[in-house]
Amino acid sequence: MCRLLGYVTTRPTSVVDVLGREDFETFTALTEVHSDGWGMAWHRSLDAPTEAVSSAQNASVDPQYSSLAEQALGCCGLVHLRWATGGLPVSPANTHPFTDAGYAFAHNGHIAPIAHLEEQLSTASRAKLMGDTDSERYFRLIMQCIAEASGDEAQGVTRALEILVREFPNSSLNALLLTPTRLFAIHINSRVDSPVESLRELFESDEAMPASHATEYYAMDYRITDDAVHVISSGLDAEGWTRIPEDTAVMIDLATQEITRLHPVPLA
């Protein structure tokens with residue numbers, strides 16, 4: 001269970017500039033809950049390879065996080081703040097984003113049982129696993145389906161979602177996938193409730209929780225400006241954002257900022 005931020009812009013932009021100083025500080029303050037590591041991925045230019053950094057430290061106390069957030073790293077990217085699912089270790093191998101061959105992936109949710117998720121993977125995909133998380137296995141399934149679709153990213157992502165919705169209808173599949181040419185934003189979770197009981201262990205009241213956490217923890221919002229598209233998880237109560245409809249997956253072209261909805265988005 002985590003927080004996500006994705007952006008596609010026409011020029012190199014820092015994470016601080018994507019959100020603005022005040023909202024960036026609000027986003028980072030979500031580490032009061034999401035304290036089990038952080039990661040970023042970006043392209044310095046449209047033709048540049050994907051770069052990524054991750055750490056199992058709390059972002060709010062890790063100087064590398066604040067340093068990278070101030071830099072105009074590239075024209076597209078994603079940020080992940082991790083709240084580890086109970087029982088899964090806080091370690092570098094379990095920290096998002098997961099990367100391979102120019103792809104970077106970050107997930108907000110929990111897919112269980114993990115053993116059944118791993119059963120959806122080929123022998124070759126399982127051999128690439130490095131950590132313990134369901135999220136990494138989700139990423140490997142997407143990569144496997146893209147390969148089976150001869151590199152067609154839209155077809156591969158759609159096929160992976162079909163499998164996951166069928167096999168795990170009550171799981172949150174919220175995720176961002178940065179590819180060499182697109183940013184995929186996945187918001188599929190209509191049967192999942194906010195983890196209120198877990199949050200109540202951390203806060204004295206529902207009102208003390210970050211924005212929307214008690215009622216819409218898995219919500220995602222988007223914002224379109226003259227030169228950018230932004231996507232973010234709930235927790236930032238700011239003007240200018242629009243709620244993404246439930247059970248929606250889109251891809252954003254990194255060169256044109258064109259948004260294309262994946263069809264069909266599978267529903268169980």
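Student: In which loop does Pro113 lie?

Tutor: This is a predicted model in which local features need pLDDT of at least 70, side-chain atom pairs count only at pLDDT 80 or more, and totals for chains, interfaces and linings use all residues. Residues are numbered from 1 along each chain as its sequence is written, and side-chain values use heavy atoms, with hydrogens and water left out. Helices (H or I, at least four residues) and strands (E, at least two) are DSSP runs numbered from the N terminus. The peptide bond from Ala112 to Pro113 is cis, with omega near 0°, and Pro113 lies in the loop between strand S6 (103-108) and helix H4 (114-118).

Student: What radius of gyration does the chain have, and why does it agree with a compact globule?

Tutor: The radius is taken over C-alpha atoms, and the globule rule is 2.2 Å times the number of residues to the power 0.38. For 268 residues, a compact globule would have a radius near 18 Å, so there is agreement with the chain's value of 17 Å.

Student: Is Ser150 buried or exposed?

Tutor: Ser150 has its place in the loop between helix H6 (134-148) and helix H7 (153-167), and its phi is near 60°, a positive value in a residue other than glycine. Buried means under 20% relative accessible area, exposed over 50%, and partly exposed in between (1.4 Å probe, protein chains only). Because its relative accessible area is 73%, Ser150 is exposed.

Student: Is Asp247 buried or exposed?

Tutor: Asp247 also has a positive phi, near 55°. Asp247 is found in the loop between strand S11 (242-243) and strand S12 (248-253). Since its relative accessibility is 13%, Asp247 counts as buried.

Student: How many disulfides does the structure hold?

Tutor: A disulfide is a pair of cysteine sulfur atoms within 2.5 Å. The structure holds none; Cys75, for example, is in no disulfide, as the nearest cysteine sulfur, that of Cys76, is 4.2 Å away. The number of disulfides is zero.

Student: What relative accessibility does Cys145 have?

Tutor: Buried residues make up 58% of the 268 residues in the chain. Cys75 is buried, with a relative accessible area of 7%. Cys145 also counts as buried, its relative accessibility being 4%.
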